[in-house]
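Subject: Structure handover

Hello,

Have it open while you read the notes that come after it.

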Amino acid sequence: MLISSTTPYTDFTVTFCCDNKRIKEVANMFLPCIVVGIATSFVLVQCHDCKDYDLSASDQSFLMKHYLITTRKDGGLSTGKPIASGVTYIRWGKKGCPKGVDMVYTGQVGGNDRGNKAGGVNYLCLPNDPENGESQKDDNAQLFGTEYEIGSSYKPSGMKGDMYNKEVPCAMCFQKRKSVHMMIPGRNTCYKGWTFEYSGFLMTAYKTHSSKDYLCVDKDAEPYDNKGSNEDGALLYGIRTKCGSLRCPPYKDATDVRCVVCAK
């Protein structure tokens with residue numbers, strides 16, 4: 001029996017392929033073939049026995065409720081079964097993720113050249129296994145490796161000092177037990193109810209270079225490898241506070257800026 005039904009509420013058709021039974025009996029059998037399609041106007045039931053039925057509004061309502069409930073159960077929404085969820089974040093300055101957090105991929109930090117006046121302003125976590133595009137002749141180079149520009153100066157307190165001109169690693173992390181994350185500047189601990197992921201220092205390009213995003217770079221940052229190209233493409237410096245429009249207290253002048261990544 002082929003049943004086509006357009007509801008008076010939503011302008012769509014429900015089609016069942018099944019034995020020649022009445023509508024409510026068919027719906028209760030968890031039919032093997034349910035198709036929802038767009039239609040308009042009236043309800044028509046056609047059978048192989050050439051017998052027609054008109055569905056009442058209550059019949060249509062019953063069928064739709066049955067369909068929606070069955071669909072939700074199939075999707076695990078009303079069965080109590082856990083549904084896959086989680087949140088991703090980038091751990092800047094490290095090749096791996098915190099303990100207990102899955103790593104999607106590891107790579108190196110890329111960004112626009114410090115001297116370019118326009119183009120991209122955000123840093124990117126580039127995977128170590130790229131699927132490269134085709135070679136082109138035009139010159140619009142905007143993706144460079146990013147180097148630590150921290151030696152005796154511009155180095156946040158406590159961060160390693162032997163990474164000058166070394167490239168910056170990163171890791172894309174998946175925290176499957178959480179649903180949101182945030183980076184808090186100016187703190188190294190999370191607020192109540194939030195879970196600590198990692199802490200570090202805010203870093204970005206130098207103030208006279210082209211503008212870049214702020215990154216929360218891990219306090220235990222490491223180099224990508226032992227090489228140092230000194231290309232001076234995209235760079236990372238430790239930043240300092242400046243009192244004035246920035247209220248001091250609670251802030252202090254000319255200090256490192258801590259940061260923390262938290263999840264919930």
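This is a predicted model: local features need pLDDT of at least 70, side-chain atom pairs count only at pLDDT 80 or more; totals for chains, interfaces and linings use all residues.

Strands

Start with strand 14, which covers residues 258–263. Of its 6 residues, 5 are buried, so the strand is mostly covered, buried being under 20% relative accessible area. Strand 14 pairs with strand 10 (residues 181–185) in the antiparallel sense, over 5 bridges. To find this pairing on screen, go to Met182, whose bridge partner in strand 14 is Cys262.

Strand 14 also pairs with strand 11 (residues 195–204), again in the antiparallel sense, and here there are 6 bridges. One place to look is Thr195, which has Ala263 of strand 14 as its bridge partner.

From strand 11 you can go on to strand 12, as the two run antiparallel and are joined by 4 bridges. Leu202 has Cys216 in strand 12 as its bridge partner. Strand 12 spans residues 215–218. Leu215 and Val217 point one way from this strand, while Cys216 and Asp218 point the other way. All four of these residues are buried.

A buried residue

Next, look at Thr146 in strand 8, which runs over residues 144–148. Is Thr146 buried or exposed? Its relative accessible area is 0%, and the cut-off for buried is under 20%, so Thr146 counts as buried. What does Thr146 touch, leaving out residues up to four places away in sequence? The contacts are Val109, Gly110, Gly111, Tyr123, Lys166, Glu167, Val168, Ala234, Leu235 and Leu236.

Salt bridges

The count of salt bridges comes to 4. Three of them are described here.

Asp102 forms a salt bridge with Lys176, and their closest N and O atoms are 3.7 Å apart.

The side chains of Arg240 and Asp256 meet in a salt bridge at 3.0 Å, N to O. Where do these residues sit? Arg240 and Asp256 are each in the loop between strand 13 (234–238) and strand 14, 16 residues apart. Arg240 is partly exposed, with a relative accessible area of 38%. Asp256 has 21% relative accessibility; buried means under 20%, so Asp256 counts as partly exposed.

A salt bridge also joins the side chains of Lys219 and Asp220, at 3.0 Å from N to O. Lys219 is partly exposed, its relative accessible area being 38%. Asp220 is partly exposed too, at 41% relative accessibility.

The largest pocket

How many residues line the largest pocket, and which lie nearest its centre? The lining has 14 residues, and those nearest the centre are Ala205, Tyr206, Lys207, Gly238 and Ile239. By class, the lining is made up of 6 nonpolar, 5 polar and 3 charged residues.

Regards

Notes: Residues are numbered from 1 along each chain as its sequence is written. Side-chain values use heavy atoms; hydrogens and water are left out. On a 1 Å grid over the protein atoms alone, a cavity is a set of points where a 1.4 Å probe fits but cannot get out, and a pocket is an open set with protein on both sides within 12 Å along at least five of seven lines; lining residues have an atom within 4 Å of a point. Ala, Val, Leu, Ile, Met, Phe, Trp, Tyr, Cys and Pro count as nonpolar, Asp, Glu, Lys and Arg as charged, and the others, Gly among them, as polar. Buried means under 20% relative accessible area, exposed over 50%, partly exposed in between (1.4 Å probe, protein chains only). Contact means heavy atoms within 4.5 Å. Two strands pair if DSSP finds at least two bridges between them.
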